[in-house]
Amino acid sequence: MNEKTPIVVNADLFWANLAQVNEMSGKYQVDLSNLSDGAVEALEARGITVSNKQDERGNFVTAKSKNPIRAYNTAGDELSVMVGNGSKAKVGVSYYDWDFKGKKGRSVSIVKLVITDLEEYEAIALTDEALEAAL
């Protein structure tokens with residue numbers, strides 16, 4: 001098998017900026033988290049660095065894109081809701097090599113993102129009273 005052939009990993013999603021650009025990176029991105037040992041091995045065999053910050057994400061990689069990342073449900077319908085932390089997904093991943101200002105690397109590319117268990121993100125609007133109570 002060609003090492004660039006996409007692989008499928010099961011992942012928990014964190015910090016999903018699928019339809020809006022992440023303010024810090026200037027790209028669309030999502031952390032593919034709690035990767036299994038097999039997924040870590042397959043990614044590392046392709047030269048992709050897997051991180052672990054000893055937090056709720058476990059073993060993870062951050063996939064970034066210049067274009068919005070389209071997410072689908074298991075029926076194949078494209079999702080139009082914001083994906084919250086802890087959503088579960090099957091993700092087809094590949095990679096791309098980059099060279100920027102004298103630095104080189106290899107990063108994860110999402111080929112297809114299928115949400116198998118959606119935790120919809122809901123922004124919380126605080127009332128003045130709740131804000132005062134929190135302070």
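This is a short walk through one predicted protein model, starting with the whole chain and ending with a few single residues.

Okay, some ground rules before we look. Residues are numbered from 1 along each chain as its sequence is written, and side-chain values use heavy atoms, with hydrogens and water left out. Since we have a predicted model, local features need pLDDT of at least 70 and side-chain atom pairs count only at pLDDT 80 or more, while totals for chains, interfaces and linings use all residues.

So, the overall picture. The protein chain has two helices and seven strands. Reading from the N terminus, you get β-β-α-β-β-β-β-β-α. The C-alpha atoms fill a box of roughly 60 × 40 × 30 Å along the principal axes. Of the 135 residues, 34% count as buried. Buried here is under 20% relative accessible area, exposed is over 50%, and partly exposed is in between, with a 1.4 Å probe and protein chains only.

The chain exposes about 8900 Å², and 49% of that comes from carbon and sulfur atoms. That area is from the Shrake-Rupley method with a 1.4 Å probe. On charge, there are 15 positive and 20 negative side chains, and the centres of the two sets lie 13 Å apart. Lys and Arg count as positive, Asp and Glu as negative, and His and the chain ends are not counted. Each charge is placed at NZ of Lys, CZ of Arg, CG of Asp or CD of Glu.

Now the sheet. In what order do the seven strands lie? The order is β3-β4-β2-β1-β6-β7-β5, in an open sheet with mixed pairing. Two strands pair if DSSP finds at least two bridges between them. At the edges sit β3 (51-52) and β5 (71-72), each pairing on one side only.

Let's take some of the pairs. Strands β6 (residues 87-100) and β7 (residues 103-117) run antiparallel and are joined by 13 bridges. If you want a landmark there, Tyr-96 stands opposite Ser-107 in β7. Then β2 and β4 (residues 59-65), also antiparallel, share five bridges, and Gln-29 is opposite Lys-64 in β4.

What about the backbone in the loops? Most residues other than glycine have a negative phi. Here are some with a positive one. Gln-54 has a phi near 60°, in the hairpin of β3 and β4, which has six residues between the strands. Asn-34 has a positive phi of about 55°, and you'll find Asn-34 in the loop between β2 (28-33) and α1 (37-45). Lys-101 has a phi near 50° and lies in the loop between β6 and β7. Are these last two buried or exposed? Asn-34 is partly exposed, because its relative accessibility is 34%, and Lys-101 counts as exposed because its value is 73%.

Let's go inside. The largest nonpolar core has 28 residues, and Val-30, Leu-32, Leu-35 and Leu-113 touch the most other members. By core I mean a set of buried Ala, Val, Leu, Ile, Met, Phe, Trp, Tyr and Cys residues joined through side-chain atoms within 4.5 Å. The elements giving two or more residues to this core are β1, β2, α1, β4, β6 and β7, and the largest share, five residues, comes from β1. As for contacts, meaning heavy atoms within 4.5 Å, Leu-113 touches several residues beyond four places away in sequence, including Leu-13, Ile-69 and Val-91.

Another one to click on is Phe-60, in strand β4. At 5% relative accessibility, Phe-60 counts as buried. Its contacts, leaving out residues up to four places away, include Leu-32, Leu-35 and Val-50.

Compare Lys-4, in the segment before β1 (7-17). Lys-4 is partly exposed because its relative accessibility is 40%. Beyond four places away in sequence, Lys-4 touches Ser-94, Tyr-95 and Tyr-96.

Methods
Helices (H or I, at least four residues) and strands (E, at least two) are DSSP runs, numbered from the N terminus.
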